[in-house]
Amino acid sequence: MVLERKKILLVDPDAEAMQPLKTLLLQRGCRVGQVDSGERALHLCTRELPDAVITGLRLPKMSGEELLRQLRSDARTAGIPVIIIAEQRLLDDRVRVIELCPDDFVPKPYVAQEVVARLEVVLNDRRPAPPSAGPDDLEEGFSGSLADMSPVDLIEIFHAAGKSGTLQLRKNGHRGSIYLHEGEVVDAVCGQRQGEEALAVLLLWNEGTFLVDFAPTEVPRRVTTSTKELLATALARAEEWSDAIATLPSLGAPLRRSEHSASVEVGEEEGALLAQFASPRSIEQMVYESTGDPLALVRQLRTLWDKGLLQLCGDDIPSTERHPLFSLMGHSVASRSPLAAVAELFASGGPMPSTTGSSARQAWNPALTRAELLVTRARTA
């Protein structure tokens, strides 16, 4: 799907007016951020690099026109698609902004479905063509982005096809590996973690790259939980993870102890954790190097952050504006990923249902052609 997991930034001082659009984007699987000024939008675009910006023209502190000019003048943000929503009389004077190359204009009052349709067209035009699956995919493996296929999706393909091999993951310089035998996860490694402790981290990665190698490998079996149970647990943990990081800064951003933390009394456990931020460290780095439960660790860090005991390095923005503004609708059992439905379909060997309301039919779309082909070849190999 074009919009699935895309980061979309909405910019408008009237949050209520943008709510229908925000709701629809979340339903389409987007991560949606919302700010009320062009100044905040520019800061967030520079830090987070959203996949698209939807903005009005009348904004406080910095107009939508100036926001667009700033985005286009910076090499880091020049390629971010921008859609402008404005009153018709403002759009009639679009000569002012047309030279800045917005990707589309939408008049107010807008219809959310129209804006989303225009956004899909813009993103589809910019999206690179997916790699074609060659006849040697099963022998040589295949690679891609975790934003397109999550570790859960990839394990489901292994599981549905009953294949053996290795799933190698990489995110921001960190590496991890998941080993499977006949569709079952047998071991995993991530930093100092092994087995299910490593899986607890790796199954939360939704950014980075992956490499699938279907060649069998001999590894000790450290994972005793069934893959079906692991996947069910991963779906639940993904939702908990989204809640835990909802008010934290970017996980890759360096943090340090705040200046007043030394004068605040904290418990022994919090103090030990806080001491590790005497020099700048990111939450992502902490999770990777730790051997404990990443969810528990992030909840502890969130407590320190909420108490003002941690702060971003070299960032003078008020703490109320530091929190990440993108929220991700996590996987759930009731709302499964398209690849999960495809894997289940091909594992059963059943024909494509003709009932349009079935989950499999809803998941069927041209973007899944590569996944379908891989699963088919895995089953027949």
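I take buried to mean under 20% relative accessible area, exposed over 50%, and partly exposed in between, with a 1.4 Å probe and protein chains only. Helices (H or I, at least four residues) and strands (E, at least two) are DSSP runs that I number from the N terminus.

**Entry 1, ground rules.** The model is predicted, and local features need pLDDT of at least 70, side-chain atom pairs count only at pLDDT 80 or more, while totals for chains, interfaces and linings use all residues. I number residues from 1 along each chain as its sequence is written, and side-chain values use heavy atoms, with hydrogens and water left out.

Two strands pair if DSSP finds at least two bridges between them. With that rule I read an open sheet of six strands in the order S6-S11-S7-S8-S9-S10, with antiparallel pairing; strand S6 (142–145) and strand S10 (193–194) are its edge strands, each pairing on one side only. Strand S7 (residues 165–171) is joined by five bridges to strand S11 (residues 209–213) and by seven bridges to strand S8 (residues 174–181). I then followed Gln 168, which stands opposite Leu 211 in S11 and opposite Ser 177 in S8. Five of the seven residues of S7 are buried, so this strand is largely enclosed by the rest of the structure. In the hairpin of S7 and S8, with two residues between the strands, Asn 172 takes a positive phi near 50 degrees.

I paired rings of Phe, Tyr and Trp (its six-membered ring) if their centres lie within 6.5 Å, with planes under 30 degrees apart counted as stacked, over 60 as edge-to-face and the rest as tilted. The count comes to one aromatic pair: Phe 158 and Phe 214 are tilted, 5.1 Å centre to centre, with 40 degrees between the planes. Phe 158 belongs to helix H8 (residues 151–161) and Phe 214 to the loop between S11 and helix H10 (227–244), 56 residues apart. Phe 158 is buried at 2% relative accessibility, and Phe 214 is buried at 8%.

I located Ser 37 in the loop between strand S2 (31–35) and helix H2 (38–48), where its relative accessible area of 3% makes it buried. Leaving aside residues up to four places away in sequence, Ser 37 touches Val 11 and Pro 60.

A salt bridge is a side-chain nitrogen of Lys or Arg within 4 Å of a carboxyl oxygen of Asp or Glu, and a search of the whole structure finds 19 of them. In one of them, Glu 120 and Arg 28 have their closest N and O atoms 3.2 Å apart; Glu 120 lies in helix H6 (residues 112–126) and Arg 28 in the loop between helix H1 (15–27) and S2, so the pair ties together parts 92 residues apart in sequence. Glu 120 is partly exposed at 28%, and Arg 28 is partly exposed at 35%. I also looked up Asp 104 with Arg 118, where the closest N and O atoms are 2.9 Å apart, Asp 104 being in strand S5 and Arg 118 in helix H6. Asp 104 counts as buried at 19% relative accessibility, whereas Arg 118 at 25% counts as partly exposed.

Terms used: Contact means heavy atoms within 4.5 Å.
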